Amino acid sequence: MKQIVVNQTVKIPDGVTISAKGRRVIVRGPRGVLRRAFRHLSIDINVVNKNTLKVEKWFGSKKEIAAVRTVCSHIENLIKGVTKGFQYKMRSVYAHFPINCVTTENNTLVEVRNFLGEKYIRQVRMSRGVTVVNSQKQKDELILEGNSIEAVSRSAALIQQSTSVKNKDIRKFLDGLYVSEKTTVEEED
C-alpha cells in the first residue's frame, strides 16, 4: 500500500540560511557551514521560503515514508549545530591506576596514558571540526566541542572504544572513559 504523498516541514530560524539542490543540503549559520547529502534517498527537498524547508515523498512504501522524518531530524541537527554547537563531556573512571589524558596538536589529538597501569599510549584523533580540552572545573573530565553532531559523537565513541578492557571480566573492570553529558556549546534558553 503506497501513500500518494507524505511531507514534513522544518522551521528555519533567523540567522540561518539553507540551500538545497539535488538532495544536497548546505546550512549556514553564525557558527559556520555544514553540508549533508541525501543522494541515497529518492525524496524531494525544497526551500519553500526563508523560514521553511519542505521534505516530501511521493508514492512511497512504509520504509521510504519513514525516511522523510529521518531527513527532517538530520536537517534540524544541522541547524542546531550551526546555531548552538554540540558539546559532549566525558569522565575517566578508574579503580586503581589513574588515567591520564593529554591533548596535543591544537586540541585535535587525545593521548590516554596509564590505562590499567599499561605503558602503551593510546592516541585518538578527533574528527574534522572537533576540539577536545581537559576541563578546568572538573577533575578527570574531557570536553569535546564541534558543530556536527556526527563528528562529535564519533570522536567520543573512538575515545571510549580506545579504553576497552581485554581478557578481563568487564563487569568488574569498569575502567575507561565514558560520556557523562550531552549538551550544546551555547546555553539553551
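Does Cys72 count as buried or exposed?

A: Cys72 counts as buried, because its relative accessibility is 2%. Buried means under 20% relative accessible area, exposed means over 50%, and partly exposed lies in between (1.4 Å probe, protein chains only).

A word on the basis. This is a predicted model, where local features need pLDDT of at least 70 and side-chain atom pairs count only at pLDDT 80 or more, while totals for chains, interfaces and linings use all residues. Residues are numbered from 1 along each chain as its sequence is written, and side-chain values use heavy atoms, with hydrogens and water left out.

Cys101 is buried too, at 13% relative accessible area. A disulfide is a covalent bond between the sulfur atoms of two cysteines. The search counts a pair of cysteine sulfur atoms within 2.5 Å. Across the whole structure, it finds zero disulfides.

Now move to Ser135. It sits in the loop between β11 (131-134) and β12 (141-146). Strands here are DSSP runs (E, at least two residues), numbered from the N terminus. Ser135 is buried, since its relative accessible area is 15%. Its side chain reaches the backbone nitrogen of Lys137 at 3.3 Å. Not counting residues up to four places away in sequence, Ser135 touches Glu141 and Ile143. Contact means heavy atoms within 4.5 Å.

Follow that contact to Glu141. This residue belongs to strand β12. Glu141 counts as buried because its relative accessible area is 11%. Its contacts, leaving aside neighbours within four places in sequence, include Lys89, Met90, Arg91 and Ser180. Glu141 and Gln87 are 54 residues apart in sequence, and their C-alpha atoms are 13 Å apart in space.

Glu186 is another glutamate to look at. It lies in the segment after β13 (176-184). Glu186 is partly exposed, as its relative accessible area is 37%. Setting aside neighbours within four places in sequence, Glu186 is in contact with Arg31, Thr83 and Lys84. From Glu186 to Thr83 there are 103 residues in sequence, but 8.3 Å in space, C-alpha to C-alpha.

Last, the surface. Ile4, Val5, Trp58 and Phe59 form a nonpolar patch there, with about 410 Å² of accessible area together. Val5 is in strand β1. At 35% relative accessible area, Val5 is partly exposed.

Definitions and conventions
Patch = residues over 30% accessible without salt bridge, like charges linked within 9 Å, V, L, I, M, F, W, Y side chains within 5 Å. Areas by Shrake-Rupley, 256 points an atom, 1.4 Å probe, with all protein chains shown as cover. Salt bridge = Lys/Arg side-chain N within 4 Å of Asp/Glu carboxyl O. Helix = DSSP H or I, 4+ residues; strand = E, 2+ residues; numbered from the N terminus. Polar contact = N/O pair within 3.5 Å; in protein donor to acceptor, adjacent residues only side chain to side chain.
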